[in-house]
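Work through the exercises below with the structure in view. Each task is followed by a solution in steps.

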Amino acid sequence: YDGVSPEDSRLRVRGQPVLLGELIRNLVDNALLYTPAGGVVTVRVVEDPFGQVVVLQVEDTGPGIPPAEREKVFQPFYRSLGSGVEGSGLGLAIVQEIVQQHEAEL
């Protein structure tokens, strides 16, 4: 984790804790699955400079999502061919649904 320390933060997020936990878990799991050995996954929470939103960032040193697939990965059961990663293809679809329910942006 790289971001605001809980002791110093005035940040508050309104939402369903269980759903937000699932959102974070799915994003971090995806990052870990697609990052090659020796790669880095960074999770940070940052405050918008104008104090209006809280930003969750999950970054990794994996191959990234090809531009042609960036919309498709949010479809339930969609799997990127040739990735060699196991899974159901539901993680990012779940993330998108939770984001919509919280009126947030992905």
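**Exercise 1. Confidence**

Task: Find which element of this predicted model has the lowest confidence and which has the highest.

Solution: In the chain, confidence is lowest in strand 1 (residues 41-47), with a mean of 90. Confidence is highest in helix 2 (residues 91-101), at 95. For the chain, the average pLDDT is 87, and 88% of the residues score at least 70.

**Exercise 2. A residue of strand 1**

Task: Decide whether Arg44 counts as buried or exposed, and find its side-chain partner.

Solution: Start with the location: Arg44 lies in strand 1. Next, take its relative accessibility, which is 17%. Buried means under 20%, so Arg44 counts as buried. Last, look for a partner: the side chain of Arg44 makes a polar contact with the side chain of Glu59, at 3.1 Å.

**Exercise 3. Two helices**

Task: Describe how helix 1 and helix 2 cross, and which residues meet.

Solution: Begin with the axes. Those of helix 1 (residues 17-34) and helix 2 come within 9 Å and cross at roughly 145 degrees. The crossing is left-handed. Then list the residues in contact: from helix 1, Leu19, Glu22, Leu23, Asn26, Leu27 and Asn30; from helix 2, Gly91, Leu92, Ile94, Val95, Ile98, Val99 and Gln101. Sorted by class, this contact has eight nonpolar, four polar and one charged residues.

**Exercise 4. Burial in helix 2**

Task: Name the buried residues of helix 2 and an element that covers them.

Solution: The buried residues are Gly91, Leu92, Ala93, Val95, Ile98 and Val99. Helix 1 is included in what covers them. Past the end of the helix, Glu103 follows helix 2 with a positive phi, near 50 degrees.

Definitions and conventions. Residues numbered from 1 in each chain as written. Predicted model: local features only at pLDDT ≥ 70, side-chain atom pairs only at ≥ 80, totals over all residues. Heavy atoms only, no water. pLDDT = per-residue confidence, 0-100. Helix = DSSP H or I, 4+ residues; strand = E, 2+ residues; numbered from the N terminus. Buried < 20%, exposed > 50% of the residue type's maximum accessible area, 1.4 Å probe, protein only. Polar contact = N/O pair within 3.5 Å; in protein donor to acceptor, adjacent residues only side chain to side chain. Axes fitted to C-alpha atoms, helices over the stretch in contact; angles between N-to-C directions. Left-handed = near helix turned anticlockwise from the far one by under 90°. Contact = heavy atoms within 4.5 Å. Nonpolar A, V, L, I, M, F, W, Y, C, P; charged D, E, K, R; others polar.
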